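Hi everyone, and thanks for making time for this. I'd like to walk you through a structure that may be new to you, so let's bring it up on the screen.

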Amino acid sequence: MRSEDGGKSVTVVFWLAAILIAYSYVGYALWLRLRLLWRTRPVLRGPYTPFVSIVMIVRNEEGVLARKLQNLLSLDYPEYEVVVVSDGSTDDTESIMREYQRDRRLQVLLKQLSQGKASGLNEALSCVRGEIVVFTDARQAIEPGAVRFLVENFADPEVGCVSGELMLGDVKSGETSQGLGLYWRIEKQIRVLEAASGSMIGATGAIYAIRRSLLTVLPEGTILDDVYLPMEVVRQGKRVVFEDRARAWDSPNLGTDREFNRKVRTLSGNYQLVQLAPWLLTRSNPVRFEFISHKMMRLIVPFALAALLFASMFLTSPFYRIVLILQFVFYAMSALALSRTLKGGILARLADASGTFVLLNGAAVVALANFVFGRRAVWTR
């Protein structure tokens with residue numbers, strides 16, 4: 001009898017874990033698509049060109065800063081200012097900033113000591129003049145018309161925040177479909193669906209814009225300004241929408257270690273968000289269901305994957321044996337991908353996708369450890 005009860009318990013664990021994983025990566029997107037059948041909220045875009053402030057916080061960015069400043073100062077938009085804060089840079093970042101300061105549109109703020117990105121943003125936002133504030137990072141190149149496309153969405157009075165689109169690849173060859181590129185495409189589809197029937201959960205840190213009247217002070221040490229600020233916009237009754245014409249381009253391959261560290265920081269930020277803004281999990285959050293489905297559920301997936309593997313080992317029917325073998329194959333392929341053993345072909349692409357999946361879920365485990373033991377995530381561009 002105990003053996004049968006134990007078998008039933010393991011079966012329940014297996015299916016609960018499988019359902020959680022499936023919902024996090026497929027089910028939520030399907031639900032959003034289904035929701036579009038009865039609820040759509042198109043954005044009323046229109047000609048709109050208020051004065052805009054572009055804000056960027058940098059730290060030790062001598063390798064990319066000159067290119068980024070040239071990029072920002074050559075945008076196709078009538079009137080704007082660029083406010084750049086150096087957060088205690090120790091390389092030639094500040095020299096480069098002074099060189100470009102000859103352009104009157106550029107305002108430079110220098111901080112002798114590093115106090116973090118949130119502190120830099122608060123300082124920048126205290127002196128901006130634009131009706132609309134655009135946020136960007138140092139590494140990504142913004143397309144010339146991106147700001148104009150972002151701002152057109154603010155012709156709709158219901159819109160409080162607009163996220164642009166991050167493209168992984170380069171303008172000439174287009175976006176990559178491998179590894180993080182594939183993951184990012186799936187993530188963008190979820191964001192598009194969220195915005196089409198309501199509001200996105202967060203924005204793309206490389207390029208997003210908010211009405212200045214809706215901005216709030218960031219708590220000290222905030223990791224995810226691109227989620228905290230948009231969620232405050234939603235809290236004030238305005239929408240966060242997606243603009244796929246406003247594009248920023250980034251490299252799809254920054255190296256496994258760097259991508260892992262960046263993902264750990266992002267996922268650590270999700271835990272921190274709940275600590276900084278507990279209202280996100282209450283009825284005060286108009287998009288509480290979406291926030292939990294999009295941000296919180298994925299933090300549980302690594303543990304669901306472990307439970308699925310563990311349960312499969314103790315279930316002996318042919319179906320569960322096949323599932324167990326498929327899991328071993330999947331993890332073996334991810335190991336090949338992370339070791340860079342395979343080169344080219346469909347097998348390499350499949351291995352690359354599985355390697356990315358394992359990398360991201362491994363980062364979620366490290367993020368939880370950081371949160372539990374109070375390790376602080378250092379901000380990176």
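Leaving aside neighbours within four places in sequence, arginine 191 is in contact with Trp184, Met200, Ala203, Thr204 and His294. You'll find arginine 191 in helix H6, which covers residues 180–197. Is arginine 191 buried or exposed? With a relative accessibility of 7%, arginine 191 counts as buried. Please keep in mind throughout that what you see is a predicted model.

Now let's step back to the whole chain. How many helices and strands are there? The chain has 11 helices and 9 strands. For overall size, the C-alpha trace spans about 80 × 45 × 40 Å along its principal axes. Of the 381 residues in the chain, 52% are buried.

What about contacts along the sequence? If we take contacts in the chain with a separation of 6 or more, 77% of them are between residues 24 or more positions apart. As for the surface, the chain exposes about 17,900 Å², and carbon and sulfur atoms supply 59% of that area. On the charge side, there are 45 positive and 36 negative charges, and their mean positions are 4 Å apart.

Next, the aromatic rings. A pair of aromatic rings is described by the distance of the centres and the angle of the planes. Counting ring pairs whose centres lie within 6.5 Å, we get 14 aromatic pairs. One of these is formed by tyrosine 271 and phenylalanine 371, with 5.3 Å centre to centre and 20° between the planes, and this pair is stacked. Tyrosine 271 sits in helix H8, residues 256–276, and phenylalanine 371 sits in helix H11, residues 345–373, so the pair ties together parts that are 100 residues apart in sequence.

Phenylalanine 330 is partly exposed, with a relative accessible area of 27%. There is a cluster to point out as well: ring pairs link Phe14, Trp15, Phe319 and Tyr320.

Glutamate 152 lies in helix H5, residues 146–152. It is buried, with a relative accessible area of 18%. Which residues does glutamate 152 touch, not counting those up to four places away in sequence? They are Arg45, Gly46 and Arg245. From glutamate 152 to glutamine 272 we go 120 residues in sequence and 33 Å in space, C-alpha to C-alpha.

Over to the loops. Threonine 40 lies in the loop between helix H1 (2–35) and S1, and at 51% relative accessibility threonine 40 counts as exposed. Not counting residues up to four places away in sequence, threonine 40 touches Ala196 and Ser197. Threonine 40 and valine 134 are 94 residues apart in sequence, and their C-alpha atoms are 26 Å apart in space.

Asparagine 60 is in the loop between strand S1 (52–58) and helix H2 (65–72). Its phi is positive, about 55°, although asparagine 60 is not a glycine. Asparagine 60 is partly exposed, with a relative accessible area of 30%.

My last stop is serine 126, in the loop between helix H4 (117–125) and strand S4 (132–136). Serine 126 counts as exposed, at 61% relative accessibility. How far is serine 126 from glutamine 327, C-alpha to C-alpha? The separation is 52 Å, and the two are 201 residues apart along the chain.

Conventions: Residues numbered from 1 in each chain as written. Predicted model: local features only at pLDDT ≥ 70, side-chain atom pairs only at ≥ 80, totals over all residues. Heavy atoms only, no water. Phe/Tyr/Trp six-rings, centres within 6.5 Å; stacked < 30°, edge-to-face > 60°. Helix = DSSP H or I, 4+ residues; strand = E, 2+ residues; numbered from the N terminus. Buried < 20%, exposed > 50% of the residue type's maximum accessible area, 1.4 Å probe, protein only. Contact = heavy atoms within 4.5 Å. Areas by Shrake-Rupley, 256 points an atom, 1.4 Å probe, with all protein chains shown as cover. Lys, Arg positive; Asp, Glu negative; His and termini not counted. Charge placed at Lys NZ, Arg CZ, Asp CG, Glu CD.
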